[in-house]
Amino acid sequence: MQTGLMIIGLFLILLVLRVPAAFCMLITTLAYVLTTGSVPNSFIPQAMVSGSASYTVLAAPFFMLVGELMNSSGITRRMFNFAQVLVGHITGGLAHVNILASVFFAGVSGSAIADAAGLGNVEIKAMVDEGFDADFSVGITAASSTIGPIIPPSSPMVLYGIMSGTSIGALFLAGIPVGVLMAAFMMLVVYLISRRRSYPKRARASLKEVWAAFKEAFWALLSPLILIVGMLTGIATPTETAAIAVAYSLVLGVFIYKELHWKDLARILHSSITSIGMVMLLIASGTVFAWMIGTEKVAEKSAALLFGLTRNPYVILLLVNLFLLFVGTFMETTSALLVTLPVLIPIVTSIGMSTVQFGIIMILLLMIGMLTPPMALCLFVTSKIGGISFDRAFKAVIPYYAALLIVLVLINLFPGITLWASGML
């Protein structure tokens, strides 16, 4: 018991001191090994190498490279234009376009930050130029970026699937209806605000304009379909599908859209390798941290503590939701998954919840954290692009919490929303 308290205490102290999450996990594990003398010191580097050398883990860096390649291929502009001809005529015009573009772009990047930064540069300027307030433009851009990791392909889903042993294909399918619900409720909020503020809308596009925009965006829209079909039909594993996506993105950018040049590859690979290195260090650190948590039976003790408070599965689920909502406000998504999953998976499975359903709930909760101080990475990015203060950006995003929380409640209470789509009902 004392060792367990020491682990938790040291880890929390390091987090408060703003030590990077990977080093928090490594230092805590090293202290545990030195204190208990249970394994030789060489165990840590050996476990880190074996944990990150997994064939399945390769899917994560491949998907990250896909995002970088597609962000440099002119896809952002094409996605935005196609969304504009579809929904630009609804009251609130470009704000609805903003949301729909995020739905499309989610199938390309799978990252909230990539969405906020990539689409944000286009969307915020276009909205301000058309008469929307800068605060409103920044708020909806930050909120809609949270759709990115919910609709496949999704880097957090790949990592969750690897760590929990859950089918990545099932997670991808489960995310689609949830992403659609998020977009629908956000569009409702936008409509209500836009009516009150008399925001502009554009003329309805003709069928000819819709067809022209669709042809421009067709190859980009096809990419998530290729990924999902590849995994569901068994033609390729998630890792092989990710590698195919890299090749597809390269062909798309160089030969079809012709906006990606061979000389750009060095820059793209450099940017990708920097991000991939950080994620792989987190995965390697998370491997030894999960071993320590398992050895100390932290998950079992936490479950016993929760069941000591209540046997009601809904109350336990509520406590888990509140805990993840709190964690998401001060930890980046990858770090939060690696740190909390070894503890939470045994708890939610003990109350009979599917790991597919819980995976979508967990990622959505962490996305809400991306909008909530002190971390709020999406808000920091969009407020910088929009040239407004962080405080103003946070006030502008508050109405969208209602939309996200409604979706969160629905997928907690109605498993069919996720499990039906993933074929697990």
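**Reading side-chain contacts**

Mentor: Start with F214 and F218, which are separated by about one helical turn because they are 4 residues apart in helix α11. Helices here are DSSP runs of H or I with at least four residues, strands are E runs of at least two, and both are numbered from the N terminus. This is a predicted model: local features need pLDDT of at least 70, side-chain atom pairs count only at pLDDT 80 or more, and totals for chains, interfaces and linings use all residues. Residues are numbered from 1 along each chain as its sequence is written, and side-chain values use heavy atoms, leaving out hydrogens and water.

Trainee: How is a pair of aromatic rings described?

Mentor: By the distance of the centres and the angle of the planes. Rings of Phe, Tyr and Trp (its six-membered ring) pair if their centres lie within 6.5 Å; planes under 30 degrees apart count as stacked, over 60 as edge-to-face and the rest as tilted. The structure holds 14 aromatic pairs. One of them, F11 with F289, is tilted, with 5.1 Å from centre to centre and 35° between the planes.

Trainee: Where in the chain do F11 and F289 lie?

Mentor: In distant parts. F11 is in helix α1 (residues 2–16) and F289 is in helix α13, 278 residues apart.

Trainee: Are F11 and F289 buried or exposed?

Mentor: F11 has 7%, so F11 is buried. F289 has 4%, so F289 is buried too. Now go back to the opening pair. The ring centres of F214 and F218 are 5.7 Å apart with the planes at 70°, so that pair is edge-to-face. F214 is partly exposed at 29%, and F218 is partly exposed at 31%.

Trainee: Next, charges. How many salt bridges does the structure hold?

Mentor: It holds 5. The test is a side-chain nitrogen of Lys or Arg within 4 Å of a carboxyl oxygen of Asp or Glu. Take K125 and D129, whose N to O distance is 2.8 Å. They are 4 residues apart in helix α7 (residues 112–129), so about one helical turn separates them. K125 is exposed at 56%, and D129 is exposed at 55%.

Trainee: What does R202 form with E130?

Mentor: A salt bridge, with the closest N and O atoms 2.6 Å apart. R202 lies in the loop between α10 (168–197) and α11 (207–232), and E130 in the loop between α7 and α8 (134–145), so the pair ties together parts that are 72 residues apart in sequence. R202 is partly exposed at 34%, and E130 is partly exposed at 23%.

Trainee: And which residue forms a salt bridge with R78?

Mentor: E259, with the closest N and O atoms 3.0 Å apart. This pair links distant parts of the chain, 181 residues apart: R78 is in helix α5 (residues 75–87), and E259 is in the loop between α12 (238–256) and α13 (265–295). R78 is buried at 7%, whereas E259 is partly exposed at 30%.

Trainee: Which ring does the charged end of R78 sit over?

Mentor: The ring of Y257, 3.8 Å from its centre. The rule is that NZ of Lys or CZ of Arg is within 6 Å of the ring centre and within 35 degrees of the ring normal.

Terms used:
Buried < 20%, exposed > 50% of the residue type's maximum accessible area, 1.4 Å probe, protein only.
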